[in-house]
Every structure is written in C-alpha cells, then in structure tokens.
Amino acid sequence: MNRLTLLSLASLVAPLALAAQQPIAPHDSVRGAIRAVDLHTRTLEVTTGVGYALRVVRLQVPASVPITDRKAGQGEPIKLGELKPGDVIRVSFGGRATGFVAYAIERVGRMEAGVEPSP
Amino acid sequence: MTRGWIAFAAVCAAAACRRPQPGDPVRGLSVTERARFDSGKVVFDSAFTPEKGLGPLFNGRACASCHEDPVSGGVGEEVEHHATAFHPGGPGRACDELAALGGPVFQDSVTPLLRAALGIEKEPVPPQATAIAERTSPDIFGRGLLDAVPDSVILSYADPDDRNHDGISGRPNRFLDGRLGRFGRKAFVPTLREFNAGAFQIEMGITNPSVPDEGTVAGKPLPAGTDPAPDPELSAHNLELADAFVLLLAPPAPLKQSSEAHRGSEVFAQVGCAGCHVPKLRTGDNPIPALRHKEVAAYSDLLLHDMGPELADICFGLATPNEFRTEPLMGLRLAKHFLHDGRAKTPEQAIQMHAGEGARARDLFDSLPPADRAALVAFLKTL
C-alpha cells in the first residue's frame, strides 16, 4: 500500500475515530519530509504525497513515542527536538478524537542527502 | 518462394522497418503488453464528467485534453498554474510546496456544484505563495524509457560543485521521501507511475487507489455535497491501463537528417548544448523487455540546472526558483511553444533565453556564423 493511500485511508478513518473516541489500529506508516516541529504542543507536520498530489499530515507526538535515527547506528533514540524540517521520517500512527497520533518515528535521512527506497 | 510470399515478406519487412510515429508504442511488446497499451489509450482518451468524478477542482476533463497534438500523448495548448513559497535561510525547508493550502497545483476550473457552494471559478492561490508559475503541457512520448533509466546513470552526470570547471553543475532533485526525482519541469517526481496517479487527481479531480481523496480547496475541506461520485473514481485496473499506455509510448523517431541538420548536430556538441542535453541515456534492467537495456535519445541529463533569474519562477523540492530540469529534446519538433511556460515561440528564442549554466552555450550560439546557427536549429527540428 503506498504512502498516500495510507494517508487517505487515515483521513477517511478519522471521523470514525472521532465517533468511537478510541484509538484505532495503526495504519502502517507514512513517509515524508518534516515541514514543522512544535515542541510546545509536541506536534509534527509531515509533507508527503504521490506525484504532484501533496498532502500535509499533522501528528501529535506523546512523550512516550519512540523516536529513533537510522543513520545514528542501530536505531539510536533521539529527542523530538532533534528532528528538523527537511528530515525524512517514517511514522506509524493512528487516529484519536484529537487527531492523528504517532506510535513510532524513525528518521531515515535528509531530503538533500537522498534516501534509498525502503524495501 | 512464390511471388505471394515474397510480397508478404516485403510488407512485413516494411512494417518492421517503419519508424515509430507519434503515438506508436515502443517496439517489441508482447501481445498482452500491446493489448494493455491499446486499452490504456481508451482510458487516457476518456473524458470525465462530474457524475463520473470530474473535479470539483480540475484543469482538464481527460488526459488527452492536454496531451493531444498531433495524437494522444502529444503536446497541448493548455497552460496551468503552480505556486509555492520560497524562504531560503529560514528555520524550515527553503521550499514550501503549499501542500497544506492546496498547492502546488492550483486548478483553473471548478464543477458547477463547487461554483454554487463557494462562488469561485478556480482554486485561489493563497497569499503565502511567493511565486506563481505557468506550465505548458509537454508531449509525453518516450517517458517510459526515461522512467527506466537507473538512478545511477542520472547521478553520474551530477556535478553540483562544478569540479570539472565547465560552468555546468547539474544536481539532483529529491522527492519528499528522499528518492531521486526525474519527472516534471523541476524533476520532482521519482516515477512515471506516481506522476500519472497524482495527475489523475490533481489535473482532473479523479481519485484513484493511489490518491483516494480529493484534497482541499486552498487548504479548506470540500463543502459537503460537492463531490458526489464515490471514491475511488478510477479503478486500480483502469489506472494500471493508463499507466501502461503512457509507459509504453515510443519516442518519435528523429527525422532523417539533411546535410545541414547533420552539421547542426556537430554544432550542438561544439557549443556545449550536450553538456546538459545529454544526447543518449541507457535504460537498465526492467520487467518490460521493450524497455530493458535500451538507448534513449533523451537529450537530457534529468538534472537541475540554474537557468538564471529571468526564467526563475517557483521552487519545488530541492529546486530553487532558478533551477529547472534539462528539458528532454526528444520530440522537440512537435512543440509549438518552448521552455517550461511556453514563452519562447521558436527554438532560437529558447536558446537565447538560456542563462545561468546555459549562458556559455547561448553566447557561443550567438557568436556562430549564421549558417551554423541555422544548421543547429535545423538539427533541433529533426528531433
């Protein structure tokens, strides 16, 4: 399933999640470039898409969410504040009443440095 | 052998030797691949209506609305609008494609339902945009071969720091997930399949399995009831067929060169055009034998080059406003307008509008004797 399909599924599922007021199962993952990091609200904006059909996904990042860096060894833990715009990340996430919530974040590289496609 | 068999063999030989015409498939397709190409053309030519999913925002009603001349897959007269925000040196990415505000493509048409709901005639470009670009519709012949060129081949031409001191410093663009880009005037999109899937939604408002939602109107949700067709509006099967058609379109065979055009091909190399417009690329391994290990007369390195401030418009991915992908020149003879926004009416004008990394070749062109300039243009008109 490609990234935007996942995103769009998430968009479709969001109203259901609102109604249910419960976390739902992870929607696999989304991969894209960080647009913004807000440490005060612990939120991330990730730009992703297919071709020119681009979307921005806003994610809450609870303090308990594992954030790792692929380049810094074998998934070395890093802090939310170390993520920067232009970082390429892979996020697994789910929907809650308050919006999308990250379950795990992996920084896989920087846009300008290039990132090999994931298997 | 009877005369009949000889005649039959001659006809077959003539057909095999026939040079690919615009709209033909690449040679060597299997029966199944050819059938998918033919069926894909039907999807490519299909005009959508609001009842079939068109819009609510759109630029065209069919792929062939904009890629139509002289046949499906060719050039179009349409011009569309892209907008982004460029903030170098800021805390965020230098380029914001305005995805949160409906960008980067801002559609020029709306369906009656959206017009009635919002009172708009097109998607408004938000004030955050720092530039609005016009984009013409290029032909898409031979793009499947470009899709099949390995990343390593493209990257082998990159020289971002101009270490060879030739004044040309092509660099790669990257998609949002870090993959190498190659399609689009800013080389943003990595694969033809993704370009097509995105284009169905962005250009026609046709949702599909890869892009199953309509997005927003300048960042605001679609008003209820303005998109009554159920999603996805294009099936996976039809998306795959359209992909097959685009992927398998052959590049038009260059015309036979006159002695003047042959001289022009030499001038093309002498003045340095070939520094960016690399005459031939080679495809790599590919599941489709007709695209595997083929030479393609792309006349492009598929990299970004600084073309100077006069041509600058939007940023896109890593591409700055000044940077554009080297336009493939295959099929150039079919173009009615030249450069990314069609501002040049002739190939000569397009050459003279080159600046930045193209300035040296432009100046050398300008200094040529008239006969050599004419020869170079004659060569371009054979592509």
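1. Helix 2 (residues 31-45) and helix 8 (residues 236-248) of chain B have axes that come within 7 Å and cross at roughly 105°. This is a predicted model, where local features need pLDDT of at least 70, side-chain atom pairs count only at pLDDT 80 or more, and totals for chains, interfaces and linings use all residues. Axes here are lines fitted to C-alpha atoms, for helices over the stretch in contact, with angles from 0 to 180 degrees between N-to-C directions. Helix 2 of chain B is therefore roughly perpendicular to helix 8 of chain B (65 to 115 degrees). Helices (H or I, at least four residues) and strands (E, at least two) are DSSP runs, numbered from the N terminus.

2. Who meets whom? On helix 2 of chain B, the residues include Arg36(B), Phe37(B) and Phe44(B); on helix 8 of chain B, Leu241(B), Phe245(B) and Leu248(B) are among them. Contact means C-beta atoms, placed from the backbone, within 7 Å.

3. Now the chain interface: 29 residues of chain A are in contact with 28 residues of chain B. Strand 1 of chain A gives the most to the chain A side, with five residues.

4. A friendly caution on confidence (pLDDT, the predictor's confidence in each residue, from 0 to 100). Chain A has a mean pLDDT of 81, with 73% of its residues at 70 or more. Over residues 1-24 of chain A, however, the pLDDT is below 50, and this stretch has 45 contacts in the model beyond near neighbours in sequence.

5. For bookkeeping, residues are numbered from 1 along each chain as its sequence is written, while chains are lettered from A and ligands numbered from 1 in the order in which they are written.

Methods
Parallel < 35°, antiparallel > 145°, perpendicular 65-115°, else oblique. Contact = placed C-beta atoms within 7 Å.
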